[in-house]
Amino acid sequence: MGGEGIKVLREKVFDKSRWMQFPRDVLIGHEVIDEIPSVCRDLHLGTRAFLITGEHTMSIAGERIAELLNETCDVRCHIATAISPDEIARTENAAEDADFILGIGGGRVIDIAKIVSYNLDRQFISVPTAAAHDGVASARATVPTAGGSTSMEAHPPIAVVADTGIIAAAPRRLLASGCADIISNYTAILDWELAHRMRGEPISEYAIALSRMTAEIIVKNAGDISAHTEESAWMVMKALVSSGVAMSIAGSSRPASGGEHKFSHALDRIAPGRSLHGEQCGVGSIVTMYLHGGDWRGLRDSLRRIGAPTTPAGLGIEDEQAVEALLSARTIRPERFTILDMGLSRQSAEKIIRMLYEE
Ligand SMILES: NC(=O)C1=CN([C@@H]2O[C@H](COP(=O)(O)OP(=O)(O)OC[C@H]3O[C@@H](n4cnc5c(N)ncnc54)[C@H](OP(=O)(O)O)[C@@H]3O)[C@@H](O)[C@H]2O)C=CC1
Ligand SMILES: O=C(CO)COP(=O)(O)O
Ligand SMILES: [Zn+2]
């Protein structure tokens, strides 16, 4: 091959170069929370621990972890109430002296820990208290903005410690929400492939294969996933970690976030706090699956089987708010091209929302 050919090849390879980061230790199982001090020692994380947790998750797991770490570390706790640039700045100031950080709680708390540890260049351990979202192990963090939402680059947790006893005791709705977040990978992939065909956006076949396989495992086992069993908590948590790994392979949230997520981010603005992230993504995914011409009824049936909502009423919102969210989804991250960016009319959006109620 001549000099020019090698140059072209090199440019292609450089263009494809990625720095993929994954968690180093992943512990999922019964009472693994007790292993946290060993994990910290094994990873040489230092002795000043900063715990970021939530109002409820403080007593669910935060206090116990503080107690465990107190024997070997200087421990400080911070309760994060909402995810916002102000809260992130406040937490970052408070964590400045820490050697390492633990995010103990739901997706909001883990995303705050992810950003703070990234900004301060410290390692962090992700300790999910529920299987409600696939940000547990991902290298991305979602932050609400005036424009809707942004997906920020961060680093993945150095370790994930998911105690199936704690996760199984969480309200059933949280588990169903995590399953819905995973099931929505189907349409996220369709949107990514669409953007590839329409816009030449690069795709990763490995990330797509992993993301799809994760959704398939949840759908295949939907009938067996039941609340308050450690077996189900274990299965869903593995899927959530694996979906996060797909995002790390992709270097973006693309394999797990498409139009259905833009719908969810739009809803967070239009009707904040009514339903969970994964629940909203599940309903959005039925709509975008329909728009892609796919098996939307099959997707809806899987969501029903795991007990996730499939209608606006199930999300606790008005049909009109769902219509608005579908129409305004294109204003959220306009650079992320999806089926909802192709000119959906109000009339069609209204018809699709009505259709969600059919038996
Ligand atoms: N970065 C990424 O890749 C991803 C990020 N996300 C983000 O994650 C967030 C959604 O996460 P989600 O967990 O649904 O929402 P939240 O973090 O808001 O948690 C929902 C509620 O569940 C409570 N909770 C958590 N664990 C338990 C438990 N064991 N028992 C009782 N209550 C519990 C929380 O308590 P408390 O009040 O203590 O917090 C909170 O009130 C969104 O902000 C979303 O954007 C979602 C997917 C991927
Ligand atoms: O929620 C995600 C994947 O499930 C990622 O979220 P974003 O939509 O913020 O990229
Ligand atoms: Zn999601």
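This is a predicted model: local features need pLDDT of at least 70, side-chain atom pairs count only at pLDDT 80 or more; totals for chains, interfaces and linings use all residues.
Residues are numbered from 1 along each chain as its sequence is written, while chains are lettered from A and ligands numbered from 1 in the order in which they are written. Local features need pLDDT of at least 70 and side-chain atom pairs count only at pLDDT 80 or more, whereas totals for chains, interfaces and linings use all residues.

**Exercise 1. Strand S8**

Task: Determine how S8 is covered and which strands are joined to S8 by bridges.

Solution. 
- Step 1. A residue is buried if 20 or more other C-beta atoms lie within 10 Å of its own, exposed if 12 or fewer, and partly exposed in between, with C-beta atoms placed from the backbone. Strand S8 (residues 159-163) has five of its five residues buried.
- Step 2. Both faces are covered, with Ala-159, Val-161 and Asp-163 on one side and Val-160 and Ala-162 on the other.
- Step 3. Two strands pair if DSSP finds at least two bridges between them. Strand S1 (residues 25-29) runs parallel to S8 and is joined to S8 by five bridges. Within this pair, Asp-163 is the bridge partner of Gly-29.
- Step 4. Strand S5 (residues 123-128) also runs parallel to S8, with two bridges. Here Ser-126 stands opposite Val-160.

**Exercise 2. The shell around ligand 1**

Task: Describe the residues around ligand 1 and where they come from.

Solution. 
- Step 1. A residue is near a molecule if its C-beta atom, placed from the backbone, lies within 6 Å of it. There are 31 residues around ligand 1, of which Gly-54, Gly-106, Gly-107, Gly-135 and Ala-170 come nearest.
- Step 2. Helix H3 (57-70), helix H5 (107-120), S6 and helix H7 (172-183) are the elements that give two or more residues to the shell. H5 provides the largest share, four residues.
- Step 3. The shell divides into eleven nonpolar, 14 polar and six charged residues. At least three residues come from each of domain 1 (25-170) and domain 2 (173-355).
- Step 4. Gly-107 lies in helix H5 and counts as buried, with 26 C-beta neighbours inside 10 Å. Apart from residues up to four places away in sequence, Gly-107 touches Ala-132, His-133, Gly-135 and His-277.

**Exercise 3. The shell around ligand 2**

Task: Explain where ligand 2 lies relative to the domains, then examine Asp-134.

Solution. 
- Step 1. The residues around ligand 2 are Asp-134, Arg-140, Thr-142, Ser-149, Ser-151, Asp-181, Ser-253, Ala-256, Ser-257 and His-261. They divide into one nonpolar, six polar and three charged.
- Step 2. Domain 1 (25-170) and domain 2 (173-355) both give residues to this shell, so ligand 2 lies between them.
- Step 3. An unreviewed UniProt entry places the feature "binding site" at Asp-134, Asp-181 and His-265. UniProt positions are given in the numbering used here, feature names are shortened, and annotations may be inferred rather than shown by experiment.
- Step 4. Asp-134 lies in the loop between S5 and strand S6 (140-143). Asp-134 is buried, with 33 other C-beta atoms within 10 Å.
- Step 5. Not counting residues up to four places away in sequence, Asp-134 touches Asp-181, Ile-182, Leu-240, Ser-243, Gly-244 and Ala-256.

Notes
Ala, Val, Leu, Ile, Met, Phe, Trp, Tyr, Cys and Pro count as nonpolar, Asp, Glu, Lys and Arg as charged, and the others, Gly among them, as polar. Domain bounds come from an automatic or database domain assignment. Two residues are in contact if their C-beta atoms, placed from the backbone, lie within 7 Å.
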